[in-house]
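Thank you for making time this morning.

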Amino acid sequence: MPMKRMFALLEGLSRAMGIERNDIKGCLYYTDTDHGMIYSLVLYDAVAGGAGNVRRMVTGDGKAFIDVIRAALEMLRSCKCD
């Protein structure tokens with residue numbers, strides 16, 4: 001399930017910010033603890049030298065990130081994939 005959420009965030013970032021999906025990537029890192037698995041998502045620019053695309057979703061008011069989350073949720077609601 002975490003992998004699906006990572007791809008939803010990448011797709012949400014692409015849609016909300018008008019970024020080519022091929023220009024952003026992500027990886028999933030997990031740690032097994034006594035309390036269960038802890039997942040970390042790392043999102044990054046796939047453009048040589050970085051284009052600042054991922055950084056654009058970090059704003060003082062959080063609005064850009066909220067837009068990304070909304071786009072990701074909408075994509076998940078309408079997805080007909082596995």
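Before the first value, a word on terms: an axis here is a line fitted to C-alpha atoms, for helices over the stretch in contact, and the angle between two axes is taken between their N-to-C directions, from 0 to 180 degrees. Please keep in mind that this is a predicted model, in which the protein chain averages a pLDDT of 88, with 96% of the residues scoring at least 70.

With that said, the axes of helix H1, residues 2–17, and helix H2, residues 63–78, come within 7 Å of each other and cross at roughly 115°, and the crossing is right-handed. On the H1 side the contact includes Leu 9, Leu 13 and Met 17, while on the H2 side Val 68, Ile 69 and Leu 76 are among the residues met. Sorted by class, this contact of H1 with H2 has 12 nonpolar, 1 polar and 4 charged residues.

Turning to the strands, S1, residues 24–33, and S2, residues 36–45, run antiparallel and are joined by 10 bridges, forming a hairpin that leaves 2 residues between them. Within that pairing, Leu 28 has Leu 41 in S2 as its bridge partner. Confidence is highest in S1, at a mean of 92, and lowest in H1, at 88.

Finally, which residue forms a salt bridge with Arg 15? The partner is Glu 11, with the closest N and O atoms 2.9 Å apart, and both residues lie in H1, 4 residues apart, or about one turn of the helix. The count for the model comes to 4 salt bridges.

Methods:
Residues are numbered from 1 along each chain as its sequence is written. This is a predicted model: local features need pLDDT of at least 70, side-chain atom pairs count only at pLDDT 80 or more; totals for chains, interfaces and linings use all residues. Side-chain values use heavy atoms; hydrogens and water are left out. A crossing is left-handed if the near helix is turned anticlockwise from the far one by less than a right angle, and right-handed if clockwise. Contact means heavy atoms within 4.5 Å. Ala, Val, Leu, Ile, Met, Phe, Trp, Tyr, Cys and Pro count as nonpolar, Asp, Glu, Lys and Arg as charged, and the others, Gly among them, as polar. pLDDT is the predictor's confidence in each residue, from 0 to 100. Two strands pair if DSSP finds at least two bridges between them. A salt bridge is a side-chain nitrogen of Lys or Arg within 4 Å of a carboxyl oxygen of Asp or Glu.
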